[in-house]
Protein chains: 2
Amino acid sequence: MSAIEFHFEDFETGRVFALASAKVTAEAIIAFASEFDPQPMHLSEEAGKASILGGLSASGWHTASLFMRMMYDGWLSRSSSEGSPGIEYMEWKKPVLAGDTLSGRSTVIEARTLRSKPGIGLVKFLHEVENQRGEVVMRGENPIMMRLRAPASEVPACG
Amino acid sequence: MSAIEFHFEDFETGRVFALASAKVTAEAIIAFASEFDPQPMHLSEEAGKASILGGLSASGWHTASLFMRMMYDGWLSRSSSEGSPGIEYMEWKKPVLAGDTLSGRSTVIEARTLRSKPGIGLVKFLHEVENQRGEVVMRGENPIMMRLRAPASEVPACG
């Protein structure tokens, strides 16, 4: 288990956390689509070329799942995350094609403690995923619950 | 390829389309999490039991991807879908645990033609996924583009 580096208190509004990058292969696109989203444009180069997407393209749910891994590897694994209640919105802006390399960032847009859950705060992020040309392929917002660094009683009193 | 049974015109507000059901196995939960969301509660029964989720539980992105397949098998494969621009919101309401069987429905909440894309309409759905106890585990809304049945010129004039 990684050491926890980021607690609620570290998620200041405006702070940016880099996502890990991920290479999207044709094999991975087809494997994901075969299991979860077997629409033709996600299963073959020919059908992708014939669609408005312009080539073999990842299911939007595949891109979302890849984003989760990029977030985990980029910073979430080193945070005090207690999970998320959901997605506020998620937009698929451009096709993700076989051979693309994705990267991106999570930006803190709001952080507040929860009266209902002592010791936990809710941090809202804007997530942006880009391809190798710097085009945003997916963006969205979601809140993640984060433990505070220490209960108030353990925080040393400062002068 | 399945025959197209549902075009834009068939998505009347309030109409309900059943999702196919899906059994969630421990193996599938662990396989998905190992690839996309390797948080401990998605990787072992022990870590799941120690978490607020209460057992080995599916990543929210796994549930979302399973929902996509349940929608495809339930009705989307027989529709004139041209894909979706995104998710308006998605809430993970309850843990999805190993052994659960999921089912659910998509309900049309709005349908309108697009001035910018002749021959295409946008249909907004409320999607609800339930477990075998009838508890909603995930719900959300998303718009899907659907081709109209026939261009106006091909529609026979009616009395």
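The dialogue below concerns the contact between chain A and chain B.

Guide: This is a predicted model, in which local features need pLDDT of at least 70, side-chain atom pairs count only at pLDDT 80 or more, and totals for chains, interfaces and linings use all residues. Residues are numbered from 1 along each chain as its sequence is written, chains are lettered from A in the order in which they are written, and side-chain values use heavy atoms, without hydrogens and water.

Visitor: How many residues does the contact take from chain A and from chain B?
Guide: With contact meaning heavy atoms within 4.5 Å, 29 residues come from chain A and 29 residues from chain B.

Visitor: What area do chain A and chain B bury between them?
Guide: The size of an interface is often given as the accessible area lost when the parts come together. Here that area (1.4 Å probe, summed over both parts) is about 2700 Å², with 65% of it on carbon and sulfur atoms. Phe36(A), Trp61(A) and Ile87(A) supply 27% of what chain A buries against chain B, more than any other three residues.

Visitor: Which element gives the largest share of the side of chain A that touches chain B?
Guide: Helices (H or I, at least four residues) and strands (E, at least two) are DSSP runs, numbered from the N terminus. H3(A) gives the largest share, nine residues.

Visitor: In what sense do E3(A) and strand E2 of chain B pair?
Guide: Pairing requires at least two DSSP bridges between two strands. E3(A) pairs with E2(B), residues 86–87, in the antiparallel sense over two bridges; Glu91(A) has Gly86(B) as its bridge partner there.

Key: Buried area is the accessible area (1.4 Å probe) that two parts lose on being put together, summed over both.
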